[in-house]
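Here is a short report for a first look at this structure. Start with the sequence and the model, then read on.

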Amino acid sequence: MSERDSLESGRHNLESSESKPAGFDRAISKGSWIVLLVIVIDQVSKYLAEQLLVLHQPVAVIPFLNFTLAYNTGAAFSFLHQAGGWQNTFFIVVALLMSVVLLVMLYRAPVRDLQFAISLWLVLGGAWGNVIDRLRLHKVVDFIDFYVGQWHFATFNVADMAISIGAFLLILDSLNIYLFRYKTGQ
């Protein structure tokens, strides 16, 4: 490659990078579809649970899993579920504030931090899945009942699973254990 070709190529790369929108190389420009996917699956599954299940009546799926319709006015493990109603607004505000924090973190994260970005997108999608319930019903629809023998884990939903998986990926990321890596074109 001649010197002139090299200069032309460098100028072309500079021009194309200048034409990219702000944040194009950041994690926020990729993966927002994960949030939408989590919200859609979560809301469709909750709708089906409300249509097909009877409140607190388990339906066996496999030997350690039931579908059981339940409503939660509190947080995880029904924390604050008997707080008198103020907790719904509190959890909506917390979710909105955390959403802003997560979006800032995604904007600052390079796109190559794939596992970190996926984890934040999953947490964001799960949080918004539950916020939609809180805005619509003033409570969260839960229906997945995992159990071993007589011991039952707290009933949860798809949004809760997304938040948990995202948190797990964040822990792995902090330990430099990667299940997802950004692949370059090289």
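Which residue in β3 is the bridge partner of A70? The partner is D142.

This is a predicted model, in which local features need pLDDT of at least 70 and side-chain atom pairs count only at pLDDT 80 or more, while totals for chains, interfaces and linings use all residues. Residues are numbered from 1 along each chain as its sequence is written, and side-chain values use heavy atoms, with hydrogens and water left out.

**Overall layout**

The protein has 5 helices and 4 strands. Helices (H or I, at least four residues) and strands (E, at least two) are DSSP runs, numbered from the N terminus. Along the sequence the pattern is α-α-β-β-α-α-β-β-α. Of the 186 residues, 35% count as buried. Buried means under 20% relative accessible area, exposed over 50%, and partly exposed in between (1.4 Å probe, protein chains only). The accessible surface comes to about 11,900 Å², by the Shrake-Rupley method with a 1.4 Å probe, where for residues only the protein chains shown count as cover. Carbon and sulfur atoms hold 66% of that surface.

**The sheet**

The 4 strands form an open sheet in the order β1-β2-β3-β4, with antiparallel pairing. β1 (59-62) and β4 (151-152) stand at the edges with a single partner strand each, so one side of each is left without a neighbour in the sheet. Two strands pair if DSSP finds at least two bridges between them. Two of the pairings are set out here.

| Pair | Bridges | A bridge pair |
|---|---|---|
| β1 and β2 | 3 bridges | A60 and N66 |
| β2 and β3 | 6 bridges | A70 and D142 |

Strand β2 covers residues 65-72, and strand β3 covers residues 140-148. A hairpin joins β1 to β2 through 2 residues.

**Helix α2 and two of its residues**

Helix α2 (residues 32-52) lies across β2 and β3 and runs at about 80° to β3. Axes are lines fitted to C-alpha atoms, for helices over the stretch in contact, and angles run from 0 to 180 degrees between N-to-C directions. Contact means heavy atoms within 4.5 Å.

Q43 sits in helix α2. Is Q43 buried or exposed? Q43 counts as buried, because its relative accessibility is 17%. Leaving out residues up to four places away in sequence, Q43 touches G129, I132, D133 and R136. Q43 and G129 are 86 residues apart in sequence, yet 6.7 Å apart in space, C-alpha to C-alpha. The side chains of Q43 and D133 make a polar contact (3.2 Å). Such a contact is a pair of N or O atoms within 3.5 Å; within protein, one must be able to donate a hydrogen and the other to accept it, and residues adjacent in sequence count only if both atoms are side-chain atoms.

S45 also belongs to helix α2. S45 counts as buried at 15% relative accessibility. A polar atom of its side chain lies 2.8 Å from the backbone oxygen of D42. Beyond four places in sequence, S45 touches F143 and V158.

**Nonpolar cores**

A nonpolar core is a set of buried Ala, Val, Leu, Ile, Met, Phe, Trp, Tyr and Cys residues joined through side-chain atoms within 4.5 Å. The largest has 19 residues, and I34, L106, W121 and L122 have the most contacts inside it. α2, α3 (86-108), α4 (114-137) and α5 (158-174) each supply at least two residues of this core. The largest share, 8 residues, comes from α4. Apart from this core lies another of 9 residues, among them L53, L65, I144 and F156.
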